[in-house]
Amino acid sequence: SLVSLYFFFIPTASTNPKAALKSKIVAEFRPQSLIDELLLYKRSEDQIELKEKQLSTMRVDVCSTETLKCLKGKGSV
């Protein structure tokens with residue numbers, strides 16, 4: 001029948017090099033480096049959020065160079 005012929009000719013990973021390559025990529029994918037990058041990004045975002053909260057509660061004398069150095073993280077606290 002026509003249906004059985006159709007299923008007989010469906011390309012598989014073994015007959016289709018592109019599908020074989022995709023299967024290999026998926027099988028060998030190791031997400032650890034992506035996870036590491038996302039964790040670094042999250043830590044950075046958390047640090048920014050913390051500094052923004054600290055700044056919002058601070059009263060800052062913008063004329064003081066010492067205060068500005070501290071805000072930039074270069075001054076001594």
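Mentor: Let's start with a definition: a residue is buried under 20% relative accessible area, exposed over 50%, and partly exposed in between (1.4 Å probe, protein chains only). The model is predicted: local features need pLDDT of at least 70, side-chain atom pairs count only at pLDDT 80 or more, and totals for chains, interfaces and linings use all residues. Residues are numbered from 1 along each chain as its sequence is written, and side-chain values use heavy atoms, leaving out hydrogens and water.

Trainee: Which pattern does the chain follow, read along the sequence?

Mentor: Helices (H or I, at least four residues) and strands (E, at least two) are DSSP runs, numbered from the N terminus. Here there are four helices and zero strands. Along the sequence, that reads α-α-α-α.

Trainee: How many of the 12 residues of helix 2 are buried?

Mentor: Helix 2 covers residues 17-28 and reaches 16 Å from its first C-alpha to its last, close to the expected 16 Å. That expectation is 1.5 Å times one less than the number of residues. Across the chain, buried residues make up 1% of the 77 residues. Helix 2 is hardly covered, and its count of buried residues is zero.

Trainee: Which residue forms a salt bridge with lysine 42?

Mentor: A salt bridge puts a side-chain nitrogen of Lys or Arg within 4 Å of a carboxyl oxygen of Asp or Glu, and the whole structure holds two. With the closest N and O atoms 2.8 Å apart, the partner is aspartate 46.

Trainee: What is the area of the nonpolar surface patch?

Mentor: Patches take residues with over 30% relative accessible area and no salt bridge, joining like charges within 9 Å and nonpolar side chains (Val, Leu, Ile, Met, Phe, Trp, Tyr) within 5 Å. One member, leucine 68, is found in helix 4 (residues 65-71) and is partly exposed at 35%. Together, Leu55, Met58, Leu68 and Leu71 make a patch of about 320 Å².

Definitions and conventions:
Accessible areas come from the Shrake-Rupley method with a 1.4 Å probe; for residues, only the protein chains shown count as cover.
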